[in-house]
Amino acid sequence: MLLEVQNINMEYKGGYSVLKDVNFHIEAGEIVGLIGLNGAGKSTIMRIISGVSTYQEGKIFFEGSQIKKLSGLQRKKIAILCASNNLYEDMTVADNLDVFTRFYHASNLDKQYMIDKLDLRNILKRKVKKLSTGMQQRVAIACSMVGRPKLVMMDEPTVLLDFENKCKIIRFIQSQISPEIGILITSHDSNDMEELCKRVYILKQGEIVKELEVNKNGGN
Amino acid sequence: MALIIKEIYFMKSQWKKNLLTIVALGVVVYYFVINDYSNDSIMFIGAYVPGMIICMQLIQNSIEFEKENKTFEKMLTGYSLPSVLLIKCAACSFVGSIIGYIFGYITFLNKNPYSEQIITLKVLIGVLVLMTVINILMSMIMTLLFLFIRQTLTINLILIVFISIIILIGMGIGVNNNIFSYVGPCGAGILLLSATVAYLFRFISNDKVVY
């Protein structure tokens, strides 16, 4: 099992409960969805898995090791694409890619692969802030995945995108799945989930209320 | 290394803003050069003040940007918050000090064409070392300030007061051989303070920069 989340409970200061007894898992080679309304706790789960936020109770295992005990280098096998694209907007696309190539200890070959795969060659010298939302999202995905991570978490990767960019990104995500990689996607758009995911967890007010197998031939 | 490269790229992307500040500082320093202030004041205002102001600006830009664009979140997946902050402080104070040295050299030479007769190597090294450690301490204090105060107006007011105090000090005191015989104790004291502030970084929660 690539990722296993066991009985996670998280509270903010003052006792406000954000996550209640969350359990789910991701196998290598599958795309798993996390669907829920805004504020349901989707982004918080991703922050916890990536080691940015802490939780009070429960355990998370990544490739069999507890996530809290992973070194910085091991944690870089987990990539996160946040809802806000997390790019350096005043920098050019090339500089952003450079920064994240070094951050993930990736090679120039990996960088070139991302540039070609996400069709970024023509915009390398442009500043990120001058790109459309769709282009920015493609750059953000390239920056997140340049290190060839084992687990990729994408927070609303297709939100606010036009049809063309949405298709490009969905095709890219589908092309990335391999027997070694697992992908976790959050969204509140059930159509995207149906197209991409094998399994979907429904999150409501910090609790996973249902797990669904997606039937690609319609319905679930 | 990735964090250092990131800071360098970030500074490069902000070059217009930084250049504007350097030009403005040039005008202020030139005012002191032509208005017959003492060598001591010129040295302080011409070297320390520009270095500190550039260092503060770099830290402010960097932290505000990373908070607003939530890029801290990305960095924290691979590094701890104290290491991200310390590298930021080191990079900004290093660049601030380099600019301070250049400013100091130009203004002092401008004032004293035969400066090598006035300023000894010992004093020069003292000035440089002290400037670097002051910038390191200041960048750390500024980091805490920018992380914990959310209102830009309050931050800007604090900066204006702080810079005014530095300039007033510069107009009153200065550099001479006697003062720089205390460089060792002064530098050690400042470094000790810096280590204390660096230790405090360990207690800042990630939530402070992520939410």
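**Notes on the predicted two-chain model**

1. Let's start with helix α5 of chain A: the cover over its buried residues includes β6, α3, α4 (108–117), β7 (151–155) and α6 (163–176) of chain A. Buried here means that 20 or more other C-beta atoms lie within 10 Å of a residue's own, exposed means 12 or fewer, and partly exposed is in between, with C-beta atoms placed from the backbone. Helices (H or I, at least four residues) and strands (E, at least two) are DSSP runs numbered from the N terminus.

2. A word on conventions before going on. This is a predicted model, in which local features need pLDDT of at least 70 and side-chain atom pairs count only at pLDDT 80 or more, while totals for chains, interfaces and linings use all residues. Residues are numbered from 1 along each chain as its sequence is written, and chains are lettered from A and ligands numbered from 1 in the order in which they are written.

3. Back to α5(A): 11 of its 13 residues are buried, so the helix is largely enclosed by the rest of the structure. Among the buried ones are M135(A), R138(A), I141(A) and C143(A). Its length also agrees with expectation: at 1.5 Å a residue, the 13 residues of α5 (133–145) should span 18 Å, and the end C-alpha atoms are 18 Å apart. The expected span is 1.5 Å times one less than the number of residues.

4. Now the sheet. In chain A, 4 strands make an open, antiparallel sheet in the order β2-β1-β4-β5. β2 (17–26) and β5 (65–66) are at the edges with a single partner strand each, so one side of each has no neighbour in the sheet. Strands count as paired if DSSP finds at least two bridges between them; β1 (residues 3–11) and β4 (residues 57–62) of chain A are joined by 5. L3(A) sits opposite F62(A) of β4(A).

5. The contact between the chains draws 22 residues from chain A and 20 residues from chain B. α3(A) gives the largest share of the chain A side, 5 residues. That side has 8 nonpolar, 6 polar and 8 charged residues, where Ala, Val, Leu, Ile, Met, Phe, Trp, Tyr, Cys and Pro count as nonpolar, Asp, Glu, Lys and Arg as charged, and the others, Gly among them, as polar.

6. Finally, have a look at V210(B), in helix α11 (residues 207–210) of chain B. Leaving aside residues up to four places away in sequence, V210(B) touches R47(A), V52(A), S53(A), F72(B) and E73(B), contact meaning C-beta atoms, placed from the backbone, within 7 Å. V210(B) is partly exposed, with 17 other C-beta atoms within 10 Å.

How values were computed:
Contact = placed C-beta atoms within 7 Å.
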